[in-house]
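My entries follow the structure.

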Amino acid sequence: DVQYVDIDYMERNLDFTLSPRFAGLPALVNKIKAEGMRFIIILDPAISGNETDYPAFTRGVADDVFVQWPDTKEIMYSKVWSFLPNVQINESLPHEDQVENYVSHCAFPDFFRNSTLEWYKREILEVYNNPNSSKSLKFDGLWTDMNEPAAFMNGAMGGCRNELLNYPPYMPHLGHMSVGLIYKTPCMEGLHYLPDGSPARHYDVHSLYGWSQARPSLLALQGATQERGIVISRSTFPSSGRWVGHWLGDNTAAWDQMHKSIIGTCQGKALQAWHRPVTTWDGLFGISYLSHAVQPSFSNNTLFQRQDPVSWDKNFEDMSRHVLNIRYTLLPYLYTLLHDAHAHGSTVVRPLLHEFVGDRTTWDIDEQFLWGPALLITPVMRENERSVIAYFPDARWYDYHTNSDTGFRKQFQNLSAPLEHINLHIRGGYILPWQTPATTTAYSRKNPMGLTVALDDAQLAAGHLYWDDGVRIGT
């Protein structure tokens with residue numbers, strides 16, 4: 001159960017700092033943790049080079065951690081939003097045409113280098129154990145943003161120097177094709193060093209930048225907290241799931257994006273209700289967390305207005321509590337699926353076709369999904385609808401809410417779906433572990449546990465449970 005904080009907590013948006021406006025944050029974090037919850041801080045990769053006294057940059061220069069120009073070996077600087085407070089930027093103007101004082105020079109750490117890992121671990125540890133104890137943030141996880149890497153200019157300060165790399169003969173069919181490969185990202189000739197010391201061009205490793213930050217982030221987190229922790233990253237690549245979860249970035253929370261979130265969870269990316277998703281476990285790409293009440297991570301982030309359950313009316317609050325209690329009841333099953341994904345590379349959320357590949361009807365279904373092999377989820381995907389069409393593959397299916405055998409098999413059914421109800425069905429032949437819910441996971445884990453045994457046609461069922469303390473590394 002996590003409260004997380006965006007860049008507002010930083011002093012002028014500088015990584016590894018605490019704004020005087022958030023002087024009470026360390027005490028709040030300690031209070032939250034004492035109540036059985038967790039706390040996540042955000043970090044962006046760009047490090048300001050404009051400061052007169054910014055240890056993270058100074059030590060980074062000394063440790064030679066930043067992406068360089070290949071010919072001069074000087075740091076390649078880009079631009080980000082101004083670190084000065086109360087600066088108003090006209091977002092309708094091209095960023096490169098804005099007044100120079102509106103933007104700040106920044107350097108991008110080269111996370112492929114061994115030296116960068118040690119620098120990164122030290123900077124993160126100092127946030128956790130600040131010499132000034134009143135500034136120590138006892139976080140439990142990291143949220144890594146802007147790590148495509150993203151900037152607010154095209155290329156680098158002074159312009160790029162290699163026409164062929166930045167404007168290659170073949171361009172992916174994307175927006176801003178005329179800009180080349182440098183749209184809001186550094187020049188492609190940027191110099192990286194791989195762990196064995198060999199050089200690499202940014203052109204060759206651009207799509208791996210978030211991947212290269214993944215392992216250092218987890219090692220730094222665990223080095224600071226001495227617990228398992230969690231890292232959620234906006235930029236990932238196949239195999240990133242060994243170290244991090246994934247979130248996709250800003251979205252508008254339109255209804256069509258609810259649909260896309262299911263496709264994304266099963267396939268590769270995820271969106272979340274309202275402004276930003278926080279994680280997804282990408283089934284096919286080996287990453288495993290996502291957002292919505294019945295997806296692996298249930299999160300809410302808004303920049304503009306409150307939308308937590310109690311900011312609405314009492315009816316909505318009650319419905320939210322009901323749905324969350326279902327989620328918390330099923331946490332032992334979800335936790336087991338997450339362990340299986342970690343240990344064996346299986347999927348947590350999966351499309352119906354993964355379990356019923358011989359049934360061609362399942363191949364086109366992208367508005368339903370499964371938790372593991374046993375729990376079928378059929379959410380409402382369109383505004384104001386109070387029913388939903390569900391497909392039931394060839395198995396025995398029990399209604400989660402009533403435990404009754406539906407009798408539905410290899411057919412579509414129109415199911416009632418009032419606002420407070422999510423259609424959940426348990427597949428015969430499986431045993432689901434559950435636990436009496438409480439207000440936080442920490443308290444839920446102290447409650448009685450049980451098993452739901454759903455028999456198949458042969459009157460058999462099987463299941464398993466993974467359980468540990470939830471925090472130790474290497475269990």
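**Cysteines**

I looked up Cys 160 to start: at a relative accessible area of 27% it is partly exposed, where buried means under 20%, exposed over 50% and partly exposed in between (1.4 Å probe, protein chains only). This is a predicted model, in which local features need pLDDT of at least 70, side-chain atom pairs count only at pLDDT 80 or more, and totals for chains, interfaces and linings use all residues. Residues are numbered from 1 along each chain as its sequence is written, and side-chain values use heavy atoms, with hydrogens and water left out.

I searched the whole structure for disulfides (cysteine sulfur atoms within 2.5 Å) and found one. It joins Cys 160 and Cys 187, with the sulfur atoms 2.0 Å apart. The pair links distant parts of the chain, 27 residues apart: Cys 160 lies in the loop between β6 (141-144) and α4 (163-166), Cys 187 in the loop between α4 and β7 (191-193). Helices (H or I, at least four residues) and strands (E, at least two) are DSSP runs, numbered from the N terminus. The S-S torsion is about -85°, so I noted the disulfide as left-handed.

I read 0% relative accessibility for Cys 187, which is buried. Cys 106 is also buried, at 0%.

**Glu 367**

I placed Glu 367 in the loop between α10 (352-355) and β12 (369-371). It is partly exposed, at 24%. Beyond four places in sequence, I listed its contacts (heavy atoms within 4.5 Å) as His 259, Ile 262, Pro 379, Met 381 and Arg 382. Pro 379 is 12 residues away in sequence and 7.4 Å away, C-alpha to C-alpha.
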